[in-house]
Amino acid sequence: MAEPEMDTELIDEAVLALLFLTLHKDRTSEPLWRAWKSFDWDAMARLHAKELIFDPVGQAKSVVLTQEGRRRCEEAYYRLFARRDRQA
């Protein structure tokens, strides 16, 4: 059986949602939001290309989210992981 083609858009959405789990405000005077960046490097590069995070390459163990990235990671988190009422 052939491997199915992966939907990188769905992967990026899931990584963005998971970034919300480790989201924290930077201790600077500016409202910078950081999240731990221990995710697939290709997905992180795509999120950077979409201008949702700043450049993930470097020694820092976290990545800074853009304002749009911060908004979308929270939306993705609740859309993908929030419990929905299950009717029996």
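E75 and R71 lie four residues apart in helix α3 and are therefore separated by about one helical turn, where helices are DSSP runs of H or I with at least four residues, strands are runs of E with at least two, and both are numbered from the N terminus. Salt bridges that share partners also join E9, D12, R46 and K50 into one network, a salt bridge being a side-chain nitrogen of Lys or Arg within 4 Å of a carboxyl oxygen of Asp or Glu. The model is predicted, so that local features need pLDDT of at least 70 and side-chain atom pairs count only at pLDDT 80 or more, while totals for chains, interfaces and linings use all residues. Residues are numbered from 1 along each chain as its sequence is written, and side-chain values use heavy atoms, with hydrogens and water left out.

The structure holds seven salt bridges, and the table lists some of them.

| E13 | R79 | 1.8 Å |

E13 counts as buried because its relative accessibility is 17%, whereas R79, at 42%, counts as partly exposed; buried means under 20% relative accessible area, exposed over 50%, and partly exposed in between, with a 1.4 Å probe and protein chains only. E74 and R70 are also four residues apart in helix α3, which means a separation of about one helical turn. E74 has a relative accessible area of 30% and is partly exposed, as is E75 at 38%.

Helix α1 (residues 8-19) has twelve residues and spans 16 Å from its first C-alpha to its last, close to the 16 Å expected at 1.5 Å a residue, the expected span being 1.5 Å times one less than the number of residues. At the start of α1, a side-chain oxygen of D7 comes within 3.0 Å of the backbone nitrogen of E9. The buried residues of α1 are D12, E13, V15, L16, A17 and L19, and they pack against β2 (33-36), α2 (41-49) and α3.

The largest nonpolar core has 14 residues, and those with the most contacts inside it are L19, M44, L47 and I53; such a core is a set of buried Ala, Val, Leu, Ile, Met, Phe, Trp, Tyr and Cys residues joined through side-chain atoms within 4.5 Å. Helices α1 and α2 and strand β3 each supply at least two residues of this core. Leaving aside neighbours within four places in sequence, M44 is in contact (heavy atoms within 4.5 Å) with V15, L19, K37, F39, I53, P56 and V63.

Three strands form an open sheet in the order β1-β2-β3 with antiparallel pairing, two strands being paired if DSSP finds at least two bridges between them. Strands β1 (24-25) and β3 stand at the edges with a single partner strand each, so one side of each is left without a neighbour in the sheet. The antiparallel pairing of β2 and β3 runs over four bridges, and W36 has S62 in β3 as its bridge partner.

T66 lies in the loop between β3 (62-65) and α3 (67-81) and is buried, with a relative accessible area of 14%. A polar atom of the T66 side chain lies 2.9 Å from the backbone oxygen of E51, and the T66 side chain reaches the backbone nitrogen of G69 at 2.9 Å.

Definitions and conventions:
A polar contact is a pair of N or O atoms within 3.5 Å; within protein, one must be able to donate a hydrogen and the other to accept it, and residues adjacent in sequence count only if both atoms are side-chain atoms.
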